[in-house]
Amino acid sequence: MTDASQMANGGSTSPLAIELSAINKSFGDVHANRDVNLKVVSGHIHGIIGENGAGKSTLVSILYGFYAADGGLISVNGQITTIRNSADAIGKGIGMVHQHFMLVPNFTVLENVMLGHEGSLSIEASAQKARNVLNKLSEDFGLTVDSDMIVENLPVGLQQRVEILKALFRGAEILILDEPTGVLTPQETEQLFDILRALREQGVTILLITHKLKEIMAITDDVSVMRDGEMVAHLKTAQTSPAELAELMVGRKVLLEVDHTPAKPGVPVLQAENLCLTTANGIDHLKDISLTLREGEIVGVAGVSGNGQSELLDVLSGITTPTSGSFRVGTNEITTQRPSDPAQLRRLGVAHVPEDRHKCGIILPFSAAESMILGYSGTDEQNQGWWLSPSALEQNCADRMHGFDIRPPLPSLASANFSGGNQQKIVLAREISTQPKLLLVGQPTRGVDIGAIEFIHKQLIALRNEGCAILLVSVELDEIMSLSDRILVMNNGQMVGELAREEADEQQLGLMMAGIGAEDGITTSQMRAGS
Amino acid sequence: MSAPPALPRWADVGLIPLINVLAALIVSGVVVTIIGENPFEAMMVMIKGAFVYKGSLGYTLYYATNFIFTGLAVAVAFHAMLFNIGGEGQAYLGGLGAGLVCLMFDSMLPALVLIPLAIMASAGFGAIWGAIPGYLQAKRGSHIVITTIMFNFLAASIMVWLLAGRLKAPGQMSPETRSFSPNAELPFIHDIANALGMEMARSPLNLSFVVALLACVGVWILIWRSRLGYAIRATGHSAGAAQYAGIPVSTIIIITMAISGGLAGMMAINEILGVQHRTILGFTSGYGFTGIAVALMGRNHPVGIVLASLLFGALYQGGAELDFEFSTITREMVLLIQGLIILFSGGLAYMFNRPLAHFLGFLLTPRHAGGGRRG
């Protein structure tokens, strides 16, 4: 603990809503929480900040009863308690708003809120009761939502309000929010903060988990910093600075600048024209996307997640067929009439690092050697004919593990047993080793530790310098800005603007991501709100 | 809420099935005691009946042959996360394929050509009967469990229709084809042994047992050593990853079901070419369903399937002996014991995983003071 932490906690006489002492939790060899102490003052907004993988989510999962700690004590409102499951947590007045909402999409707001608390056999009576409680909550906290709306028709920001209402409905006095702004536009984030302030006024204690410095500075009273499973500092927000927090998070002066030389763009590798993707029920994921990628350049796609970036990657990698429009890879044209598939595009030199490596990039029960040929199991050169030779796979994998510093260097180890950063390196090693002409990259450093981030960034730059065209999709603006030669901004399925590397700054990108600053003056988010 | 430490592989593959079988036997023993017999005596009779008495081992292995084929069929499908309940119908149709080839060509072709042809036909007919539900699953989204069950009934109806009609031997009443000529018969093992000068008791065990063991090797190579097997496992573990990889998921589902159906269909070579030497009604007698339990117990691995098949073969054969020796223990009692084994090693297959994991974790991890505090 630092001196500041003693100032923050030791000297305080306010009652504590939560006190954790010496919490430990290991997953196999990974020590996710190491002697973690935390004191959350009642009625405060307390931030926990740390990088992806620092152990923040593990800690709140322990607090909410998803995991049992290997050791340590939890006190809620001054009493030592055991939290075995989420029902225990709710019983103690702890509510949680998850990063991924836990809502039944085809239920109304009211039905979602009362789910599990129906009370009696007759749904009518308890629905009326719930409606009254809900109305009162909405009034008290300014959490206005139409309780008869079907949840899936609500915008993301409102769905999140339903989650908050759910927790309050269950009597939560301590609210945990796990990365609540990842899916929000800056405007929706601002609205969320207004709600959090209103909750604080009413005496609700809020624990905010985030990796974004700006949010900590904007809303919290106290902040705790986690790094590598340990609490490294407890500070008063008013007495710290973003620079200090960043240094504490990373453990050294942060200089995420990559050695970025000017690009030397060559001939076009990818040309997309008017790509559209509309689902069967009429939702537009992509609207008239046109873009050109040249040899030897990195084009970043910025945007709040869920604005069509994932669908763009799916279309360009051949997983989804566009509903209209076309794109050309080299001289091969792919249209709705002449669709392609990921295998064919790989043969044309298109490699793809998917956004979700657990769902797509590797197969968790497969050995690393087997995951290392995912997508190339029909074509790899170490094997011949119909057969796969385990020794050839493992030799190939061992070579790449050496080249990409993948640890532990054990080709036969199950993919699930590697850390996030090393899993990502497996994917990257596989996709880069084929010497692609075009690399599609989604969230290359999500859930990856800082050392691996630097390594991955260097690899991407090196690949660009060898002449590969790279399309980089990321929700991390810093990553987009430090790697890209050009930046495209997506909002609501459209490309709303393009900036050269030199002219990009965070404010401007943020506005464009929110749909503000489009040339005609009418913004997509306003259009959405008005419809 | 704490997850138990993962079971080591040897415990998962070796110890858990043993514990499951033991649990089933203990419950069976209780039932045997309740009806007034000595469970240990009954156990001895079963073991002797399955392995010791003259010719009994042959019977045990003959039953095991059926279970190996149907167990492999379920296992292959399961590697693609497909639950093939249709082994029964696929085996039945396999018998039709083998029967048709023999009826058509047994007077023209020599055994060395006829028998491989009949084997291919049994596999082929089973494959088609498996591939159709596969197609319906892949292209139309009809659930494979539902369609394969329905296809069992379809197969049964088709066989009744054919065996009571077109295929019925002329001039007789029973619903079966005429007997094939001797060159369509797979040789019995005891005949081979006797020809080699070894004394061996008569039993229905025939060369299809060897074919079954070859099929085990084939399945192992397919699943763990071939590009196709890689695609099958990738599809089974993660459809998202398979799609990302450009593996044609629909095609893989259809091919997997064809292979699965083909293996089930090959069960017919044991019954039709090996023992009956004609196609009869109802020769599958539930072996297709037992294959599900065999695959579950054998953890979808060929070696496990051979071991589980031996166990079920011994149960079938030893159970018959039990029925014969004790007046109070009837055929139904034997079915109960088999049912309990299926229940414990199939339905409750993972019941002992957590306790065992905790127990092993307790045994294997070094304990130190102060480590047991809980938050």
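Predicted model: local features only at pLDDT ≥ 70, side-chain atom pairs only at ≥ 80, totals over all residues.

Guide: Residues are numbered from 1 along each chain as its sequence is written, and chains are lettered from A and ligands numbered from 1 in the order in which they are written. Helices (H or I, at least four residues) and strands (E, at least two) are DSSP runs, numbered from the N terminus. pLDDT is the predictor's confidence in each residue, from 0 to 100. Chain A has a mean pLDDT of 85, and 91% of its residues reach 70 or more.

Take α9(B), residues 227–237. Eight of its 11 residues are buried, so the helix is largely enclosed by the rest of the structure. A residue is buried if 20 or more other C-beta atoms lie within 10 Å of its own, exposed if 12 or fewer, and partly exposed in between; C-beta atoms are placed from the backbone. Among the buried ones are Y230(B), I232(B) and R233(B). What do the buried residues pack against? They meet α3 (56–79), α8, α10 (239–245) and α11 (249–265) of chain B. Contact is judged by C-beta atoms, placed from the backbone, which must lie within 7 Å.

Now follow α8(B), residues 208–225. It packs with α14(B), residues 302–325, at an angle of about 150 degrees, and the axes are 9 Å apart. That makes α8(B) roughly antiparallel to α14(B). Axes are lines fitted to C-alpha atoms, for helices over the stretch in contact, and angles run from 0 to 180 degrees between N-to-C directions. Under 35 degrees counts as roughly parallel, over 145 as roughly antiparallel, 65 to 115 as roughly perpendicular, and the rest as oblique. C216(B), V219(B) and W220(B) come from α8(B), and they meet P302(B), I305(B) and V306(B) of α14(B). This contact has six nonpolar residues, no polar and no charged. Ala, Val, Leu, Ile, Met, Phe, Trp, Tyr, Cys and Pro count as nonpolar, Asp, Glu, Lys and Arg as charged, and the others, Gly among them, as polar.

Next, the other chain. In chain B, 21 residues are in contact with 32 residues of chain A. On the chain B side, α9 and α10 each supply at least two residues. The largest share, six residues, comes from α9(B). That side has eight nonpolar, nine polar and four charged residues.

Finally, look inside chain A. Strand β11(A), residues 268–278, joins β12(A) through seven bridges. Strands pair if DSSP finds at least two bridges between them.

Definitions and conventions. Contact = placed C-beta atoms within 7 Å.
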